[in-house]
Amino acid sequence: MNTVFESQARDMAASLRFPEPVYVTRPNLPPLEKVISTLTPAWEQRWITNDGALHVRLEAELARLLDTPYLTLFCNGTIALLTALKALDLKNGAVITTPFTFPATVNVLYWSGLHPVFCDIRPDTYNLDPDGLESLITRDTRAILPVHVYGTPCDVERIEAIAARHNLPVLYDAAHAFNVRLRNKSILLHGDISMLSFHATKIFTTAEGGALATTSNLLQERFRLLKNFGIAGEETVVVPGINGKMSELQAALGLAQLDSVTQNTEKRKCLAKLYRKLLDQEPGLVLLEIPPDVDHNYAYFPIRVRKEKFGLDRDRLYSLLKDFNIYCRKYFYPLCSSHPWCRVGEGALPHAETAAREVLCLPIYATLPETWVEKIATAISGLGRLARRCVL
Ligand code: T4K
């Protein structure tokens with residue numbers, strides 16, 4: 001590596017270094033007193049899980065906020081996804097999904113006796129590309145499992161038209177898509193089932209937590225049974241269910257946060273706008289375009305780093321930013337298709353492979369100061385300029 005670059009990059013990092021680590025995200029935590037006061041009735045009644053009053057309230061409030069007829073809470077998004085596969089009675093076959101996702105999306109298939117068939121992604125939205133979908137459908141296919149990556153809706157109309165032609169259910173991994181609307185309609189109204197995650201890294205959090213949304217009353221009833229061991233009555237177990245329940249402690253955290261959802265999204269929107277203003281013209285950086293018919297949640301701020309024009313590749317930029325105390329994340333590297341148990345050869349999913357090599361998610365969260373965004377953008381453009389000057 002060029003020593004002039006090394007020493008000047010070190011000087012730049014020393015002068016711009018944040019006094020504390022800047023993470024890709026931070027949970028949006030309500031005041032602790034508010035969580036305690038929300039939790040107090042549960043404490044007094046000593047009812048801390050199993051469909052408690054807070055759980056019931058959070059379910060109803062979220063269904064209203066997210067505009068979905070049926071929403072069922074879970075202990076986390078992964079168990080919710082696993083339960084959705086069981087509720088659809090999928091077994092012994094393939095599910096078509098994307099390789100550009102968090103391992104949970106694909107791991108649940110293996111836990112359910114299914115296997116993934118990977119469809120390449122669109123290079124602009126990072127979502128499953130419907131152009132490649134239909135040719136992957138065989139007699140073995142049981143369902144389609146697309147992901148609304150970074151909260152951007154998939155091409156739901158085309159995916160669902162293909163699914164309908166082949167009589168296949170569509171289960172959306174909507175872990176990133178809390179409160180996203182497409183053409184002024186909740187994204188959760190698409191497909192048979194959508195899964196949400198309320199993990200600490202998500203824009204609405206119950207520490208760990210998740211939900212399934214559906215428009216089907218029958219599916220909702222199955223979720224309820226399956227997440228509670230299949231228990232239909234004190235002496236009746238009707239299906240082999242598991243424990244997917246959310247506790248009252250988690251529900252209290254969720255309830256205490258509900259009134260900040262809109263403000264939180266507005267803050268993120270402003271920060272995303274600022275990043276865009278500062279980085280849009282940077283050579284070799286490609287920013288995610290938000291389609292005009294989408295009300296986005298700005299959960300992530302992914303950039304694509306093209307070495308030929310930017311001067312540095314994504315991995316080098318990621319490492320150098322750590323010297324500034326900036327901890328970005330390579331969501332989603334490695335691709336799920338590259339896990340040894342998937343055995344998909346290199347070159348089979350070209351758009352996903354390029355995205356996994358080039359995408360870097362920058363810090364974005366409601367309490368991130370605008371001055372920090374300016375400093376992060378200065379660090380990124382400064383490193384790019386320096387690299388181009390030193391011709392690495
Ligand atoms: N499908 C998709 C598409 C998903 O993205 C996910 C989860 C799932 C399904 C599964 O849903 P869950 O079962 O998780 O509900 C994180 C999360 O653990 C994971 O939930 C999330 N996706 C994924 C995108 O991100 P890591 O390995 O990056 O987490 P970690 O611990 O490195 O945290 C990232 C940053 O967040 C830290 O650098 C700092 C900050 N952080 C994290 C935690 C836990 C905090 O500030 N406070 C915290 O408490 O996976």
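Mentor: What follows is a set of labels, each set against its cut-off. Keep in mind that this is a predicted model.

Trainee: Why is Ser 247 called buried?

Mentor: Its relative accessible area is 17%. Buried means under 20%. The value falls under that cut-off, so Ser 247 is buried. Ser 247 sits in the loop between β12 (236–237) and α8.

Trainee: What makes the pair Ser 247 and Leu 249 a polar contact?

Mentor: A polar atom of the Ser 247 side chain lies 3.3 Å from the backbone nitrogen of Leu 249. The cut-off is 3.5 Å, and one atom must be able to donate a hydrogen, the other to accept it.

Trainee: Why is Asp 124 called partly exposed?

Mentor: Its relative accessibility is 41%. Partly exposed lies between the buried limit of 20% and the exposed limit of 50%. The value falls in between, so Asp 124 counts as partly exposed. Asp 124 is in the loop between β4 (114–118) and β5 (141–145).

Trainee: Which residue's side chain does the Asp 124 side chain meet in a polar contact?

Mentor: That of Arg 122, at 2.6 Å. Asp 124 and His 351 are 227 residues apart along the chain, yet their C-alpha atoms are 9.6 Å apart in space.

Trainee: What about Leu 136: buried or partly exposed?

Mentor: Partly exposed, because its relative accessibility is 25% and buried requires under 20%. Leu 136 also lies in the loop between β4 and β5. Leaving aside neighbours within four places in sequence, its contacts are Ile 96, Val 117, Phe 118, Cys 119 and Thr 141.

Trainee: How do you know that Cys 119 is in no disulfide?

Mentor: The nearest cysteine sulfur is that of Cys 154, 10 Å away. A disulfide needs two sulfur atoms within 2.5 Å. The distance is over that limit, so Cys 119 forms no disulfide. A search of the whole structure finds zero disulfides.

Trainee: Why do both cysteines count as buried?

Mentor: Cys 119 has 1% relative accessibility. Cys 154 has 4%. Both values are under 20%, so both residues are buried.

Trainee: What makes a set of residues a nonpolar core?

Mentor: The members are buried residues of listed nonpolar types, joined through side-chain atoms within 4.5 Å. The largest core here has 66 residues. Leu 58, Leu 62, Phe 100, Tyr 126, Tyr 150 and Phe 198 touch the most other members. Helix α3 gives the most to this core, with five residues. A second, separate core has 42 residues, including Phe 5 and Phe 324.

Technical notes. Residues numbered from 1 in each chain as written. Predicted model: local features only at pLDDT ≥ 70, side-chain atom pairs only at ≥ 80, totals over all residues. Heavy atoms only, no water. Buried < 20%, exposed > 50% of the residue type's maximum accessible area, 1.4 Å probe, protein only. Helix = DSSP H or I, 4+ residues; strand = E, 2+ residues; numbered from the N terminus. Contact = heavy atoms within 4.5 Å.
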